[in-house]
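Please look at the sequence and the model shown here, with attention to charged side chains that pair with one another. The report that follows takes up some of these pairs in turn.

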Amino acid sequence: MFETLSDRLTSVFSSLRSKGRLSDADIDATAREIRIALLEADVALPVVKAFVAQVKERARGSEVSQALNPAQQVVKIVNDELIGILGGETRRLRYAKTPPTVIMLAGLQGAGKTTLAGKLARWLREQGHAPLLVAADLQRPNAVQQLAVVAERAGVAVYAPEPGNGVGDPIEVARQSLDQARRAQHDVVIIDTAGRLGIDQELMRQAADIRDAVTPDEVLFVVDAMIGQDAVTTAQAFMEGVGFDGVVLTKLDGDARGGAALSVRHITGKPIMFASTGEKLEDFDAFHPDRMASRILDMGDILTLIEQAQKTFDEDQAAKMAGKLASGDNFTLEDFLEQMMMVQKMGPIKNLLGMMPGMGQMRDQLNSIDDRDLDRIAAIIRSMTPAERQDPKMINGSRRARIARGSGVEVSAVNNLVTRFFDAQKMMKRMAGGMGIPGMPGGRAGKAAKAQKKAKKGRRVSGDPRKAALGKGAGSGEAPPAAAKPGGLLGNLGGKLPPGMELPPGFDPSKLNLPGQK
């Protein structure tokens, strides 16, 4: 969504890294580039003016002039201002003191209200709530049936007493849904209302009547993030005609420029509360302004990545897999397939890698990633017998040909998978063995300690007086002096100096007066 804006801002900041101090001309040039980047991203002109003015004011202040790295300080200023425009802190849902909490969805037709109702219901169910979806969109053909299907997929209840398709009173349905929620002990009611292709009086009047009938705790304005500048006009019309408490952005996974997200919050003063990032019901989460700003500036979104991993991976299963990875030998193709399937549950690989810092500079490589490659790998492993998955060494030429036929790939693809698996297994063994690194289990330090312990075991004292004169016995386990050690100072010469280099009788080197010696 924000690729164009992210690329432009990243190029702007890279040009500042070589500067020790920022002059007024540098600040003006940077502000001009930021202005162009925001306008190209379809951000509303009033928002662009306010944003650039604030950045220039802070950039000319003492926080940059006294900074050790002005470029990093400017990045911080832009990051702070982006967070401010996007809403500052994350806005949470307000729940009613006495259930049920009523949430009303409003917006134009095609913005994705019905699908979003199911996503919100599923998200609330995972938070421990018992939501009820209400079919109050009785105008759009098959809207009631669509909501019923979405509710079934989300695993939540739906209240749809009217068939829709122009039949029924949406205001009465919304009013009756509250009684139904109390009887069935649903603590959250989500009302899906009708939309129009454009703003008209009938749409506003019906939405306002439903609002007055149920007195919702939250009215959420659902806006398509791909409609650009029209998002601001639509938001202002709904704000004046119905009023709303928060904004929900849909279709953030599209290829639009994303200016709506930066404009709606600033123009309406209402926070962005949720964002829909895909077609699946799980592609939905609370909107975090600080994390979105980090993504725009190509600084990654590690917190969201960690949260997705925590939702997907079971702790006991992860601990069990960590033990297998540490041993190396116990890790099989079955375990590899299981790990791959869990990673796939987190979402497209491209999106996961895109949350890593600096990945904006590798966008071409990310775009070339095809999740179908993982499906092919899964097909190859599933075409193996259980014994072959446990012990890939038994997969000979004829078995590889059979696996290739069963998975619909070339034999070379099977060969590559098996070879890479063996390489990964060897690497895990080296890691488990410490790879010879001192201090690591199985490393050089460990081997030296074992050798020393073995040498100390069975220590004996020699009775030879000649050996006693040189120190402790050879069997004592301690190193002899350098002169007696083979390869030492005199070891290669048999313990004698060459002719002409003999020391005079009675020479005592400790009495030498060396330079600098007191």
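## A buried pair

E218 is buried, at a relative accessible area of 0%, where buried means under 20% relative accessible area, exposed over 50% and partly exposed in between (1.4 Å probe, protein chains only). Its partner R91 also counts as buried, at 18% relative accessibility, and the two side chains meet in a salt bridge with an N to O distance of 3.0 Å. A salt bridge here is a side-chain nitrogen of Lys or Arg within 4 Å of a carboxyl oxygen of Asp or Glu.

## Basis of the model

This is a predicted model, in which local features need pLDDT of at least 70 and side-chain atom pairs count only at pLDDT 80 or more, while totals for chains, interfaces and linings use all residues. Residues are numbered from 1 along each chain as its sequence is written, and side-chain values use heavy atoms, with hydrogens and water left out.

## Other salt bridges

The structure holds 16 salt bridges. Among them, R389 pairs with E334, their closest N and O atoms being 3.0 Å apart; R389 counts as buried at 14% relative accessibility, whereas E334 is partly exposed at 30%.

The side chains of D28 and R60 also meet in a salt bridge, at 2.5 Å from N to O. D28 is partly exposed at 29% relative accessibility, and R60 is likewise partly exposed at 39%.

## A network

Salt bridges also link R58, K76, D80 and E81 in a network.
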